[in-house]
Amino acid sequence: MSRHFRKELKRYYKSISKSLICNNETKKRILKSLTDDINTKIEEGTITSIEDVIESFGTPEHDWGGCGQKVGFPKGSERS
């Protein structure tokens with residue numbers, strides 16, 4: 001993974017963290033789940049750029065505010 005991509009991911013996670021309206025424990029759980037899912041896809045080779053991340057998981061400006069919603073999973077995923 002390039003240094004530029006790592007910096008973009010860090011910025012992506014930070015933006016999402018700022019958008020989440022919930023307690024720190026819930027925020028950490030959501031971000032860990034999202035990070036794990038993204039890392040899995042990076043290891044599989046299906047994500048190679050920040051554009052791929054945004055296409056699969058949405059923009060940092062996505063409505064991440066409802067911490068009870070399904071968040072951090074690819075579009076169409078049935079995970080809860």
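Two salt bridges are found in this structure, which is a predicted model. Side chains of opposite charge can pair when their charged atoms come close. One of the bridges links the side chains of Glu8 and Arg11, with a distance of 3.1 Å from N to O. Glu8 and Arg11 both belong to helix H1, which covers residues 3–19, and because they stand 3 residues apart there, about one helical turn separates them. The other bridge joins Lys32 to Asp36, whose closest N and O atoms lie 2.8 Å apart. Here the setting is helix H2, residues 24–44, and because Lys32 and Asp36 are 4 residues apart in that helix, they too are separated by about one helical turn. Asp36 has a relative accessible area of 35% and is therefore partly exposed, since that class lies between the limits of 20% and 50%.

These helices belong to a chain with 3 helices and 0 strands, so that, read from the N terminus on, its elements follow the order α-α-α. The chain has 80 residues, of which 36% count as buried. It exposes about 5400 Å², and carbon and sulfur atoms supply 48% of that area. When contacts between residues at least 6 apart in sequence are considered, 54% of them join residues at least 24 apart.

The packing of H1 against H2 can be described through their axes, which are 11 Å apart and form an angle of about 150°. Because angles over 145 degrees count as roughly antiparallel, H1 is roughly antiparallel to H2. The crossing in which H1 passes H2 is right-handed. On the H1 side, the residues that take part in the contact are Phe5, Leu9, Tyr12, Tyr13, Ile16 and Ser17, and they meet Lys27, Leu31, Leu34, Thr35, Ile38 and Ile42 of H2.

Leaving aside neighbours within four places in sequence, Ile50 is in contact with Phe5, Glu8, Leu9 and Tyr12. Among these partners, Phe5, Leu9 and Tyr12 are also residues of H1 that meet H2, while Glu8 is the residue whose side chain forms the salt bridge with Arg11. Ile50 and Glu8 are 42 residues apart in sequence, yet their C-alpha atoms are 6.5 Å apart in space.

Technical notes: Residues are numbered from 1 along each chain as its sequence is written. This is a predicted model: local features need pLDDT of at least 70, side-chain atom pairs count only at pLDDT 80 or more; totals for chains, interfaces and linings use all residues. Side-chain values use heavy atoms; hydrogens and water are left out. A salt bridge is a side-chain nitrogen of Lys or Arg within 4 Å of a carboxyl oxygen of Asp or Glu. Helices (H or I, at least four residues) and strands (E, at least two) are DSSP runs, numbered from the N terminus. Buried means under 20% relative accessible area, exposed over 50%, partly exposed in between (1.4 Å probe, protein chains only). Contact means heavy atoms within 4.5 Å. Accessible areas come from the Shrake-Rupley method with a 1.4 Å probe; for residues, only the protein chains shown count as cover. Axes are lines fitted to C-alpha atoms, for helices over the stretch in contact, and angles run from 0 to 180 degrees between N-to-C directions. Angles under 35 degrees count as roughly parallel, over 145 as roughly antiparallel, 65 to 115 as roughly perpendicular and the rest as oblique. A crossing is left-handed if the near helix is turned anticlockwise from the far one by less than a right angle, and right-handed if clockwise.
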